[in-house]
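Student: I would like to take a close look at a single part of this protein. Could you walk me through it slowly, step by step?

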Amino acid sequence: MNLKSAPATLLLGALGLALLLGLGWMALIGPAMGAIGENGDARLAAQDRAGAMTVQLAKLRRQAEELPETDRQAARLTEMWPATADQPGFFAQVSDAATDAGIGLEDVTVLSPGAPQRVGVDPGAAPAEPGTEAPAVGIGDLAVQDVTIGAQGTYAELSTLLARLEKMPRAFLIGSVTLGAETGDAETDALSLTVVGRTFVAPPLDPPPVP
């Protein structure tokens, strides 16, 4: 090939131009396109993170709005199923029930709670030896406490007392009721009422997680 001819010169010029374009692509345009692609991927990832954080924020806000109601429900459950026997509190509720029924405290003849016993555990069984597995219980560490309540009054008063006992803030499961006449007509004269039931002691509730 004659390099001094016009076609050869044009061919060499075209090859040189193509070579320069290739080198320019590799040196400038290629990295720029790669950076653009990486920026696009980063933008999509940021959008995904923003969407996830928006959902999480909405969930936390909803939990915060529900927290007062959750606290009220927890307080109600703690009142119904306290974490201790709380005998003074129980005595106060029984006294209030008697007063609401028109029965004086001097006519509450018996108020005898027993010791709490864990559900599913034989009270006469020997304690477990150190290092051995503790015996299974019913629901967590739930315990029951037998209670006997005795009172005197009219039929209407004792009926009201029985209804008040069933509606006390603390859960009280009535097992048996015995009604006996003291004197005369049961509709007008004094009667004696004996109620045997159970209260419950539950493990303390865990506080709700703080967002």
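Student: What covers the buried residues of H2?

Tutor: Please keep in mind from the start that this is a predicted model, in which the protein averages a pLDDT of 76 and 65% of the residues score at least 70.

Let us begin with the helix itself. H2 has 14 residues, and the distance from its first C-alpha to its last is 20 Å, close to the 20 Å expected at 1.5 Å a residue. Its buried residues are Phe90, Gln93, Val94, Ala97 and Ala98. Seen down the axis of H2, these buried residues fall within an arc of 140°, so they line one face of the helix. The face turned away from that buried side carries Pro88 and Asp100, which are exposed. Just after H2, Gly102 takes a positive phi of about 85°.

Now to your question: the cover over the buried residues of H2 includes strand S1 (108-113), together with S3, H3 and S5.

Leaving aside residues up to four places away in sequence, Gln93 touches Met168, Pro169 and Arg170.

The buried residues of H3 are Leu158, Leu161 and Leu165. They cover an arc of only 55° around the axis, which puts them on the same side of H3. On the other side of H3, Ala156 and Glu166 are exposed. What covers the buried residues of H3 includes helix H2 (87-100), along with the strands S3 (143-153), S4 (173-181) and S5 (191-201).

A word of caution belongs at the end. Over residues 130-139 the pLDDT stays under 50, and the model has ten contacts beyond four places in sequence for this stretch. Where pLDDT is low, the predicted coordinates should not be read in detail.

Technical notes: Residues are numbered from 1 along each chain as its sequence is written. This is a predicted model: local features need pLDDT of at least 70, side-chain atom pairs count only at pLDDT 80 or more; totals for chains, interfaces and linings use all residues. Side-chain values use heavy atoms; hydrogens and water are left out. Buried means under 20% relative accessible area, exposed over 50%, partly exposed in between (1.4 Å probe, protein chains only). Helices (H or I, at least four residues) and strands (E, at least two) are DSSP runs, numbered from the N terminus. The arc is that of the directions from the helix axis to the C-beta atoms. Contact means heavy atoms within 4.5 Å. pLDDT is the predictor's confidence in each residue, from 0 to 100. The expected span of a helix is 1.5 Å times one less than its number of residues.
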